[in-house]
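Let's take a walk through a protein model together. Have the sequence and the 3D view open side by side as you read.

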Amino acid sequence: MQFLSTLIISLIQGITRYTSSHGASIIIFAALLKLLLLPVSFYGMRWQERFKQSMKKSKEETAAIQTCNAAQRDEQILAIYQANGVNFINQCKALLPLLIQLPLLIAFYRAAIRWEVLAETSFLWISDLSKPDSLFTFGLTLPWLGPAFNVLPFMLFAVNASEVVLFRDATTNIKSFTLPVIFFFLFYPFPASCMLFWVTLNVLHVPERYYFHKRLSSLP
């Protein structure tokens, strides 16, 4: 993780030589990383579609089980899941893009909190990239949210919630917004540099997912 954090700092420093802005360099770095991870993202999305269909088929077959014997029912359910490929490994394949991006976010966070130059850098409305992007103070301290209104966590929530709405299907319900809400509270106190990185990745995921559903969802 230490090596990854050092590498991230070096790459952003290299980009900054051309942009003269650490904030812009973070956005460009996130965009380049998203481009690099496109094959992995499409692979994960294909597995998500397959896993979703497998779960749907498994639920239909499970609902058709008529035995009242609990042991036999459990055996039949397990057999249905095995036959349809519903298992932990396939579920992990469906979550592969997220499983790759989260360690990168952790490494970026570690880089941000020890990279002193960010404390002296501003970007747009952000006065200090090493701290949350406080736009104004509430006048009181709220639980977890603290004393200030941070813009980027709200942007992250808006992007994630919009994605749920844009790509809704028959299984979409109020519970589908659980992850956007969790991410909002989880990342609210994060430094602005980390939030710029994460928001950029999530914004770029929307056209990526749109392209997949329009052009690549029919691939085997």
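We'll start with the whole chain and then visit a few spots in it.

First, some ground rules. This is a predicted model, where local features need pLDDT of at least 70 and side-chain atom pairs count only at pLDDT 80 or more, while totals for chains, interfaces and linings use all residues. Residues are numbered from 1 along each chain as its sequence is written, and side-chain values use heavy atoms, with hydrogens and water left out.

Now for the overall layout. The protein chain's secondary structure comes to nine helices and two strands; here, helices (H or I, at least four residues) and strands (E, at least two) are DSSP runs, numbered from the N terminus. Read from the N terminus, the order of elements is α-α-α-α-α-α-β-β-α-α-α. Of the 220 residues in the protein chain, 40% are buried. Buried means under 20% relative accessible area, exposed means over 50%, and partly exposed is in between (1.4 Å probe, protein chains only). Contact means heavy atoms within 4.5 Å. Among the protein chain's contacts with a separation of 6 or more, 70% are between residues 24 or more positions apart.

T16 sits in helix α1 (residues 2-19). Is T16 buried or exposed? Its relative accessible area is 12%, so T16 is buried. If you skip its neighbours within four places in sequence, T16 touches S21, H22 and S25. Helix α2 (residues 22-36) has 15 residues and spans 21 Å from its first C-alpha to its last, close to the 21 Å expected at 1.5 Å a residue. That expected span is 1.5 Å times one less than the number of residues. Several α2 residues are buried, including H22, S25, F29 and L33.

Next up, the strands. Strands β1 (residues 134-142) and β2 (residues 146-150) run antiparallel and are joined by four bridges; two strands pair if DSSP finds at least two bridges between them. F136 has F149 in β2 as its bridge partner. Three residues lie between the strands of this hairpin, and W144 takes a positive phi near 70 degrees there.

Time to look at the rings. Rings of Phe, Tyr and Trp (its six-membered ring) pair if their centres lie within 6.5 Å; planes under 30 degrees apart count as stacked, over 60 as edge-to-face and the rest as tilted. The whole structure holds 14 aromatic pairs. In one of them, F108 and F197 have ring centres 4.5 Å apart and planes at 5 degrees, so this pair is stacked. F108 belongs to helix α6 (residues 96-114) and F197 to helix α9 (residues 192-216), so the pair ties together parts 89 residues apart in sequence. Both F108 and F197 are buried. F184 and Y188, by contrast, have centres 5.5 Å apart and planes at 65 degrees, so they are edge-to-face. F184 is buried at 8% relative accessibility, and Y188 is buried at 1%. Ring pairs link F136, F149, F154, F157, F184, F185 and Y188 into a cluster.

Our last stop is P207, back in helix α9. With a relative accessible area of 47%, P207 is partly exposed. P207 and E163 are 44 residues apart in sequence, and their C-alpha atoms are 9.8 Å apart in space.
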